[in-house]
Amino acid sequence: MDAARIGFGEDAHRLAEGRPLRLGGVAIPEAPRGAVAHSDGDALLHAVTDALLAAWALGDIGAHFPDTDPAHAGADSAVLLRRALGVALDRAAGRRPRQVSAVVTLDRPKLGAHRNAIAASLASLLELPLDRVGITFKTSEGLAPDHVQARAVVLWG
Ligand code: C5P
Ligand code: MG
């Protein structure tokens, strides 16, 4: 049997007024700006989706769900994540995601009040207990005020 696997993923979206912000499948209603994207622009779900695929060298979200395909316009990123998880599970010979750790970088608003909801959403999507979902938040210290960025690591065992 192969050793444990790890996957890393990253995503960023430009922020614009008049758009909703979603992170980890959770709406952030107080956000003054939301992600500009072909899909729903959920950078955290996109980072986790890439991490799921990367653990098995299965390419990335754009290879599986091209953003040039009108079928993916406004796509619910949770659906794409679940489809990528299925593809990865098919390759994983009985292994499954055991832990996820993710960082969201966003200057405004502060996200701490949403941490539990985001963790619960990711736990549900990945079928993990809550104590195996670590979510941290950072500002860019003003270096990238017009972007939301997410990075995620998923451990498979
Ligand atoms: O980026 P900085 O180190 O200044 O962030 C300090 C703390 O602010 C973080 O550790 C986190 O607890 C919180 N934070 C947050 N939401 C953000 C950015 C940071 O809750 N969008
Ligand atoms: Mg994205």
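User: How many Å separate an oxygen atom of ligand 1 from an N or O atom in the side chain of lysine 138?

Analyst: A word of care comes before the value, since this is a predicted model. Lysine 138 belongs to the residues that surround ligand 1, together with others including Phe137 and Thr139. Between an oxygen atom of ligand 1 and an N or O atom in the side chain of lysine 138, the distance is 2.6 Å.

User: Which residue has a polar backbone atom 2.6 Å from an oxygen atom of ligand 1?

Analyst: The surroundings of ligand 1 include Leu106, Pro109, Lys110, Leu111 and Gly112, and also Thr139 and Glu141. For glutamate 141 the atom in question is an N or O of the side chain, and its distance to an oxygen atom of ligand 1 is 3.4 Å. The polar backbone atom that lies 2.6 Å from an oxygen atom of ligand 1 is that of threonine 139.

User: What percentage of the accessible area of ligand 1 does the protein cover?

Analyst: The shell around ligand 1 is made of 4 nonpolar, 2 polar and 3 charged residues. One of its contacts runs from an oxygen atom of the ligand to an N or O atom in the side chain of glutamate 141, at 3.4 Å. On its own, ligand 1 has 460 Å² of accessible area, and the share of this that the protein covers is 70%.

User: Where is glutamate 141 found, and is this residue buried or exposed?

Analyst: Glutamate 141 has a positive phi of about 55 degrees, although this residue is not a glycine. The residue sits in the loop that links S6 and S7.

User: Which residues are the protein donors of the magnesium ion (ligand 2)?

Analyst: Along the sequence, the donor residues of the magnesium ion follow the spacing D-x1-H-x32-H. Histidine 13 belongs to strand S1 (residues 5-17) and histidine 46 to helix H1 (residues 43-54), so this pair ties together parts that are 33 residues apart in sequence. Both of these histidines are buried. Lying 1.9 Å from the magnesium ion, the protein donors are Asp11 (OD), His13 (NE2) and His46 (ND1).

User: Which residue in S7 stands opposite phenylalanine 8?

Analyst: The strands S1 and S7 run antiparallel and are joined by 10 bridges. One face of S7 is uncovered, and it consists of His147, Gln149, Arg151, Val153 and Leu155. The residue of S7 that stands opposite phenylalanine 8 is valine 153.

User: Which residue in S6 stands opposite serine 101?

Analyst: S5 is also joined to strand S6 (residues 133-138), by 6 bridges, and these two strands run parallel. Opposite serine 101, the residue in S6 is glycine 134.

User: What distance separates the C-alpha atoms of serine 121 and leucine 23?

Analyst: Serine 121 lies in helix H4, whereas leucine 23 has its place in strand S2 (residues 22-23). Serine 121 is buried, with a relative accessible area of 17%, and leucine 23 counts as buried too, at 0% relative accessibility. Although the two residues are 98 residues apart along the chain, the separation of their C-alpha atoms is 9.6 Å.

Terms used: Residues numbered from 1 in each chain as written. Chains lettered and ligands numbered in written order. Predicted model: local features only at pLDDT ≥ 70, side-chain atom pairs only at ≥ 80, totals over all residues. Heavy atoms only, no water. Donors = N, O, S within 2.8 Å, 3.2 Å for Na, K, Ca; no water. Helix = DSSP H or I, 4+ residues; strand = E, 2+ residues; numbered from the N terminus. Buried < 20%, exposed > 50% of the residue type's maximum accessible area, 1.4 Å probe, protein only. Near = heavy atom within 4 Å. Polar contact = N/O pair within 3.5 Å; in protein donor to acceptor, adjacent residues only side chain to side chain. Areas by Shrake-Rupley, 256 points an atom, 1.4 Å probe, with all protein chains shown as cover. Nonpolar A, V, L, I, M, F, W, Y, C, P; charged D, E, K, R; others polar. Pairing = 2+ DSSP bridges.
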